[in-house]
Amino acid sequence: MTTRFTTLFAFLVASLAAGVSSATEVGDAVNGAKVFQQCKACHQVGEGAKDRVGPQLNGVFGRRAGIIEGFRYSKSMDRMGSDGLTWTAETLDAYIENPKALVSKTRMNFKGIKDPADRRDLLAYLRQFSDNPANFPEAEPTATATDHDIDPAILALQGDPEYGEYLAGDCTTCHQRDGEDAGIPSITNWPVEDFVVAMHAYKRKLRPHPVMQMMAGRLSDEEIAALAAYFEALE
């Protein structure tokens with residue numbers, strides 16, 4: 001067993017352990033209604049809910065991203081929906097925590113909710129407006145890992161941009177170095193933290209694109225940091 005595989009295996013075991021632990025926790029819908037006050041300026045939920053700045057949230061569990069007819073989504077959200085992003089407890093939790101980490105150029109200008117308990121409560125509240133809440137097992141909103149915080153030690157890694165340039169060949173097969181977005185999103189000048197969080201979201205399969213999941217899955221933490229440093233500074 002290689003060192004890299006051993007490290008990845010340990011990471012997956014740790015993630016699974018986190019998921020098992022969180023499965024015992026069920027959000028408080030009453031508090032979730034209070035948390036939802038942060039969302040009300042843009043989203044409606046419940047009887048008579050309509051699309052506003054953001055789409056209405058009735059039946060959001062199990063819904064494909066970017067699918068409400070007539071609502072004007074960002075290109076990034078449309079692309080993620082086409083790639084297969086579906087709103088589950090896990091993907092909603094990740095999106096609510098840091099919207100732009102999951103969908104890079106989403107129009108949702110919201111810094112996110114950092115408190116895992118508040119996110120669980122909000123999901124418990126939204127779950128009440130699913131088409132048929134009884135279809136969701138009691139633990140479903142928290143049955144998978146709800147905490148996708150990246151280890152601060154990983155975020156603190158100082159990437160070597162020269163090493164990143166060496167590694168970037170596979171990336172620039174699709175992503176243009178000049179930042180042009182020709183159907184494939186630009187990653188040039190992407191902030192390091194956003195890059196690292198996004199790549200780990202692919203490694204954990206929160207982001208749905210299978211090619212990116214494969215590419216990210218091959219990279220070590222140090223290699224991701226190097227690529228992040230390279231693309232952030234790329235002119």
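What follows is a talk about the labels and the values behind them.

Guide: This is a predicted model, where local features need pLDDT of at least 70, side-chain atom pairs count only at pLDDT 80 or more, and totals for chains, interfaces and linings use all residues. Residues are numbered from 1 along each chain as its sequence is written, and side-chain values use heavy atoms, with hydrogens and water left out.

Visitor: How many helices and strands are in the chain?

Guide: The chain has 11 helices and 0 strands. Helices are DSSP runs of H or I with at least four residues, strands are runs of E with at least two, and both are numbered from the N terminus. The order is α-α-α-α-α-α-α-α-α-α-α.

Visitor: Why does V35 count as buried?

Guide: Buried means under 20% relative accessible area, exposed means over 50%, and partly exposed lies in between, with a 1.4 Å probe and protein chains only. V35 has 5% relative accessibility, so V35 counts as buried. V35 is part of helix α2, residues 29-35.

Visitor: What does V35 touch?

Guide: Leaving out residues up to four places away in sequence, V35 touches I113, D118 and L122. Contact means heavy atoms within 4.5 Å. V35 and D121 are 86 residues apart in sequence, yet their C-alpha atoms are 7.6 Å apart.

Visitor: And T172, why is that one called buried?

Guide: T172 has 17% relative accessibility, therefore T172 counts as buried. T172 sits in the loop between α8 (161-167) and α9. Beyond its neighbours within four places in sequence, T172 contacts R177 and F231.

Visitor: What makes α4 mostly covered?

Guide: In α4, 8 of its 9 residues are buried. Among them are L92, D93, Y95 and I96. The buried residues of α4 pack against α3, α5 (99-102) and α6. Across the chain, buried residues make up 44% of the 235 residues.

Visitor: What makes a set of residues a nonpolar core?

Guide: The residues must be buried Ala, Val, Leu, Ile, Met, Phe, Trp, Tyr or Cys, joined through side-chain atoms within 4.5 Å. The largest nonpolar core has 29 residues, and F36, W87, L122 and L126 have the most contacts inside it. Two or more residues come from each of α3 (75-83), α4 (89-97) and α6 (116-127). α4 gives the most to this core, with 5 residues. A second, separate core has 24 residues, including C171, V197, M212 and L234.

Visitor: Why are α9 and α11 called oblique to each other?

Guide: Helix α9 (residues 192-203) and helix α11 (residues 221-233) pack at an angle of about 140°, with axes 9 Å apart. Axes are lines fitted to C-alpha atoms, for helices over the stretch in contact, and angles run from 0 to 180 degrees between N-to-C directions. Under 35 degrees is roughly parallel, over 145 roughly antiparallel, 65 to 115 roughly perpendicular, and the rest oblique. So α9 and α11 are oblique to each other.

Visitor: Which residues of α9 and α11 make the contact?

Guide: Among them are F195, V196 and M199 of α9, and I224, L227 and F231 of α11. The residues of this contact divide into 9 nonpolar, 1 polar and 3 charged.

Definitions and conventions:
Nonpolar A, V, L, I, M, F, W, Y, C, P; charged D, E, K, R; others polar.
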